[in-house]
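Subject: Structure handover

Hello,

Here is the structure for you to take over. My notes on it follow below.

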Amino acid sequence: MPPQKVGAETRIVQFTNCRILRGHTLLREDLWIRGGRILDPEKLFFEEKRSADEQRDCEGHILAPGFIDVQINGGFGVDFSLPSEDVGSGIALVAKNLLAYGVTSFCPTLVTSPPDIYHKVLPQIIVRNGSSQGAGVLGVHLEGPFISHEKRGAHPESHLRTFETDAFQELLKTYGSLDNVAIITLAPELRRSYEVIREITSRGICVSVGHSVSHLREAEEAVQNGATFITHLFNAMLPFHHRDPGIVGLLTSDQIPPGRQVFFGMIADGIHTNPAALRIAHRAHPKGLVLVTDAIPALGLGNGRHTLGQQDVEVDGLTCCVAGTKTLCGSVAPLDACVRHFLHATGCSVEMALEAATLHPAQLLGIEKQKGTLDFGSDADFVVLDDSLNVKATYIAGELVWQDKTLSH
Amino acid sequence: MRLVILDNYDLASEWAAKYICNRIIQFKPGQDRYFTLGLPTGLPRNHPESYHSYMWNNFFKHIDIDPNNAHILDGNATDLQAECDAFEKKIEEAGGIDLFVGGIGPDGHIAFNEPGSSLVSRTRLKTLAMDTILANAKYFDGDLSKVPTMALTVGVGTVMDAREVMILITGAHKAFALYKAIEEGVNHMWTVSAFQQHPRTIFVCDEDATLELRVKTVKYFKGLMHVHNKLVDPLYSMKEEN
């Protein structure tokens, strides 16, 4: 934890004239912060008999939990999968720039790479809290190399692997260390995947099914063995078929173990998913929808040619393809833009749209007590939004870490 | 007494709010001059429908009162009688209550001073009458077993000591109690009747609450509305003055 300023621990700030997202609704309530956490003002009033040290007028804006992006490959010229001597700087640069998009926590994502790159890069990425320096790192999302050849998408063919030889040990040898890993995407139709899934989840790491040609039965079995996420639904998997819904069928499967639910990532940039498909997925299982960017290094840079892992990619507007092909390979739409697009495309409530980028990813990672909500006691990572859900200011641990130039305070 | 009759619940509430506002402004409170507002009390803390939560959500969180100036009887105190005595002492130390605002129960009680309460009673622990428990059931999902049966309450005498008393009564189910309180004699079975002997009482009610009163009474007081409405004419705003 970065050291607090003296007196910051006890300083109470009250955000007034705002609507906050709490209990799945937008309430006309004030938000109270102390020591980097959300404070219960009723307890403060009756038990401590204290009032706020400072009041900040939010001009009628919406206060939502900070956005969480669980799939982002880089941005602003930084490629997380590129082996460098100073991966930390790249992470820091992205973390800092993400604040303008309202993202307060993220999972740097590594695409399919050879073992030596994992061994070089992974030890340099550490789970850390956000601060004025940038969004927090929740852990790495390892997308590949244990994925389907047919559905590899933009992932390099030569580095795909299977579990044949040594199952979990194979995985461990490939990655080197799982210390700061939060999510692993794999294809459950690979032989011995179920035992690997059990081993991974027993270590508290989330398993996601994706880049796969598995049928519904195999996907359900993966879930029964511990998988809880679907990587970018519809993309890099068999299309929905009414007699074999494939992975998409998990949204309405009745084979999910009781007390658990399946979350699914959606890239709502208007390109990776047709709005009608987005609506179908949302209506089938609204509580499981997690908005992700799957952003590539070109995020924030504009049109042109950039790298992604071992490949070259071409960016034109919001579309990015593997250079020379029409294969989509990630997006350059920031997460707040995805939230707005999701809201318009589905016509869902503002609360639902916001929860898809906050509460749901937090629930996926099992951190909803600290992140993803504005409940009393949780970390004070939040964003100030106008009614169109444009980010006006970003706060981490109660400190202002970014603000739009038009905002007065 | 003054009897102010408004058309409905919302208008009665608004009138009462404006009146209280004006009384505070006229008092000219300041650093060393506090306006002491009394409100009825009761219920244990930290219950979803606790009086503390109710007061926080409906009153305290909307205003900028210093928490040290908000005194609520603590139903969780170890020695309840001592808690009540201390409360009486706090009122005395604050210089007495300037305005006490209360409601009336269907059985004519003020605060939790159930029928039979002494008209000179002080703050104490009371066992609630069935009528009151039934009336409160709506705050506990209609489950009678969940409604608290005991409550700490200010006494009739405590309220009588206030310099001014305002009683709010709305709804037809309170009509009979209002009749008993103002058109019959002073009686400890209808404890609100004690205020007939208070020099400054004002009853604010809606049409429905007057259903059991004599037409003559209602006509008289309605005829005085032009006088009553002067009491809620907007005064200067204290913020602007400062």
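I begin with a loop in chain A. A:Pro145 sits in the loop between β13 and α4 of chain A. The peptide bond that joins A:Gly144 and A:Pro145 is cis, with omega at about 5°. Please keep in mind that this is a predicted model. The loop also holds A:Phe146, which forms an aromatic pair with A:Tyr175. The pair is edge-to-face, with 6.0 Å from centre to centre and 85° between the planes. Because A:Phe146 belongs to the loop between β13 (140-143) and α4 (168-175) and A:Tyr175 to helix α4 of chain A, the pair ties together parts that are 29 residues apart in sequence. Over all chains, the count of aromatic pairs comes to 18.

A:Phe234 is placed in the loop between β16 (229-230) and β17 (263-266) of chain A. As background for both features, most residues other than glycine have a negative phi, and most peptide bonds are trans.

Next, the domains. The assignment for chain A gives domain 1 as 12-64 + 373-403 and domain 2 as 67-365. Their C-alpha centres lie 30 Å apart. In the contact, domain 1 of chain A takes part with 19 residues and domain 2 of chain A with 21 residues. About 1,700 Å² is buried between the two domains, and carbon and sulfur atoms give 72% of that area. On the domain 1 side, A:His24, A:Leu389 and A:Ile396 supply 31% of the area buried against domain 2, more than any other three residues.

As for polar interactions between domain 1 and domain 2 of chain A, the count is zero salt bridges and five residue pairs in polar contact. Five strands of chain A each supply at least two residues of the domain 1 side that touches domain 2: β3 (25-27), β7 (62-65), β22 (382-385), β23 (391-396) and β24 (399-403). Of the elements on that side, β23(A) gives the most, with four residues. The residues of the domain 1 side divide into 12 nonpolar, six polar and one charged.

Now the interface of chain A and chain B. Nine residues of chain A are in contact with 11 residues of chain B. The area buried between the chains is about 1,000 Å², with 62% from carbon and sulfur atoms. There is one salt bridge between chain A and chain B: the side chains of B:Lys61 and A:Glu29 meet at 2.6 Å, N to O. Two residue pairs are in polar contact across this interface. The side of chain A that touches chain B is made up of three nonpolar, one polar and five charged residues.

Last, salt bridges in general. The whole structure has 31 of them over all chains. One of these joins the side chains of A:Arg37 and A:Asp379, at 3.3 Å from N to O.

Regards

How values were computed. Residues are numbered from 1 along each chain as its sequence is written. Chains are lettered from A and ligands numbered from 1 in the order in which they are written. This is a predicted model: local features need pLDDT of at least 70, side-chain atom pairs count only at pLDDT 80 or more; totals for chains, interfaces and linings use all residues. Side-chain values use heavy atoms; hydrogens and water are left out. Domain bounds come from an automatic or database domain assignment. Contact means heavy atoms within 4.5 Å. Buried area is the accessible area (1.4 Å probe) that two parts lose on being put together, summed over both. A salt bridge is a side-chain nitrogen of Lys or Arg within 4 Å of a carboxyl oxygen of Asp or Glu. A polar contact is a pair of N or O atoms within 3.5 Å; within protein, one must be able to donate a hydrogen and the other to accept it, and residues adjacent in sequence count only if both atoms are side-chain atoms. Ala, Val, Leu, Ile, Met, Phe, Trp, Tyr, Cys and Pro count as nonpolar, Asp, Glu, Lys and Arg as charged, and the others, Gly among them, as polar. Rings of Phe, Tyr and Trp (its six-membered ring) pair if their centres lie within 6.5 Å; planes under 30 degrees apart count as stacked, over 60 as edge-to-face and the rest as tilted.
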